[in-house]
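Let's take a friendly walk through this model together. The sequence and structure come up next.

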Amino acid sequence: MTDTNRPLDVVILAAGQGTRMKSSLPKVLHPVAGRPMVAWAVKAARELGARNVVVVTGHGAEAVEAALAGSGVVFARQEQQLGTGHAFLAGMDALEDHREADVLVLYGDTPLLRTETLRDLLADHRERSGAFTVLTGVLPDATGYGRIIRDAQGNVERIVEQKDATPEERAVGEFNSGVYLMDARANELAHRITNENASGEYYLTDLLGLYRAEGAEAHAFRLSDPDEVMGANDRTGLAEAENIIRARITQAHMRAGVTIHMPETVYIEDTVVLGRDVTLEPGVILRGDTRVADGAGIGAYSVVTDSVLGEGVIVKPHSVLEGAQVGARSDVGPFARLRPGTVLGEAVHIGNFVETKNAQLAQGVKAGHLAYLGDVSIGDETNVGAGTIIANFDGVNKHPSRIGAGVFIGSNSTIVAPRVIGDAAFIAGGSTVHDDVPEGALAVARGKQRNLEGWSHRYWSGLREKVQTKLPWLAGWLDRQG
């Protein structure tokens, strides 16, 4: 009887240097669609329900381990780069208990491998009561890959590397992906791998022969899309992988009811959640823990990171939101910036060139133009005039202010924090408010206007005399102009 409930352990090989990246950043930490490449393998392992996930590190180990800290994986150091078999052994030795578990080998530089494919691989392996299963693909020209050589019964007999293959073997289109799924004997057999070869390295592919020597059959599970195991070895490979993943993500959202105009221009990380009837215009970028509710629209070239947009929210073009919450039916932009700590209630209007930071704006607040609202709470239905500044920083500390409901703030006003503005207060345009304003009061805080009669005539007459004295040629030209 097939045991489909055996635990699964996953070993992710991520110790390579990746010299073709020409980078100080370890190869497996180069991001693809918002995640380091190695994190895609960790994500797949978690989605498979793996009991243990071991990441084998080597080059740049400290950076790789720091990047995956908190992800629940175990790390194993491959201090010397002695081949894939040696790396696998390091991973297995890091497991406290590897009895009765299937073992899956993945790689830190193949971000395109789908969880669905691995789930199918696991199901096939267990339905067969498999001992050793290799994930394979078929290409018209498999140059560079190890070839899969099958026996008369269709089982995998050998894996032949390109350099060792005969002309007939090189003509075989089925190739070895390097992804293996093995039964609980993997640890014991891996310790029998030797380095008695021209390179003096321990090859993981030798496990196939060791399994067959035990009388076990080896099977192949063939990929429907061989691009899934395409590695990203340089910057062009990174770009190709990102394009493929981006297309997968946008297509999934469109099939789920999202309208995306020019999807090839839109960037959505796979952590983003979009509701039905959301509309994204060209050039939109959505990152991190962003959630967009039903019926919202995001205008062209807007960037939204780690933000929550309520139902029916409209973000107009060229707006930037980071760590913000936007209530239902609110509108933002164009050219607005909502910084972390911004919380907008329902039906709030944030217009062009308005910036908020650590600001809580209640229902119906309107800030239409050219304002900075930092470290402030604003009550229902308050109107913030153009050019309003909350002066929250004294050069050392940030100070909070509280503005009540139904307040009218005239254009070009400055509120010097910390201030409390009472409900239904009025602030006259151009005021610099440095005292609290009681409920219902009118605050006028500006210098008294004086009109100096005849000032312009006296100014220009004096200027002409100076010009005639010092620049007579200019005075003559001015006279000719009338």
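## Helix α1

How many of the 11 residues of α1 are buried? The answer is 8, so α1 is mostly covered, where buried means under 20% relative accessible area, exposed over 50%, and partly exposed in between (1.4 Å probe, protein chains only). The buried residues are M37, V38, A39, W40, A41, V42, A44 and A45. Helices (H or I, at least four residues) and strands (E, at least two) are DSSP runs, numbered from the N terminus. After α1 comes G49, with a positive phi near 80°.

A word on the source: this is a predicted model, in which local features need pLDDT of at least 70 and side-chain atom pairs count only at pLDDT 80 or more, while totals for chains, interfaces and linings use all residues. Residues are numbered from 1 along each chain as its sequence is written, and side-chain values use heavy atoms, with hydrogens and water left out.

## The cavity

The structure holds 1 cavity of 30 Å³ or more. On a 1 Å grid over the protein atoms alone, a cavity is a set of points where a 1.4 Å probe fits but cannot get out; lining residues have an atom within 4 Å of a point. The largest cavity contains about 50 Å³ of space, a volume being the space filled by probe spheres set on the points, which are joined across faces, edges and corners.

Its lining consists of W40, A41, A44, L106, Y107, T110, P111, L113 and L118. Here α1 returns, giving the largest share with 3 residues; α1 (37-47) and β6 (102-107) each supply at least two. By class, the lining has 8 nonpolar residues, 1 polar and no charged ones. Ala, Val, Leu, Ile, Met, Phe, Trp, Tyr, Cys and Pro count as nonpolar, Asp, Glu, Lys and Arg as charged, and the others, Gly among them, as polar.

## Two nonpolar cores

A nonpolar core is a set of buried Ala, Val, Leu, Ile, Met, Phe, Trp, Tyr and Cys residues joined through side-chain atoms within 4.5 Å. The largest has 67 residues, and F88, L104 and L207 have the most contacts inside it. A second, separate core of 59 residues includes I249, L274, L373 and I421.

T250 lies in helix α8 (residues 235-255) and counts as buried because its relative accessibility is 5%. Beyond residues up to four places away in sequence, T250 touches I260, P263, V266 and I268 (contact: heavy atoms within 4.5 Å).

K470, in helix α9 (residues 455-470), is exposed, with a relative accessible area of 70%. K470 and V73 lie 81 Å apart, C-alpha to C-alpha, and 397 residues apart in sequence.

Terms used: 1 Å grid on protein atoms, 1.4 Å probe; cavity = no way out; pocket = protein on both sides within 12 Å on 5 of 7 lines; lining within 4 Å.
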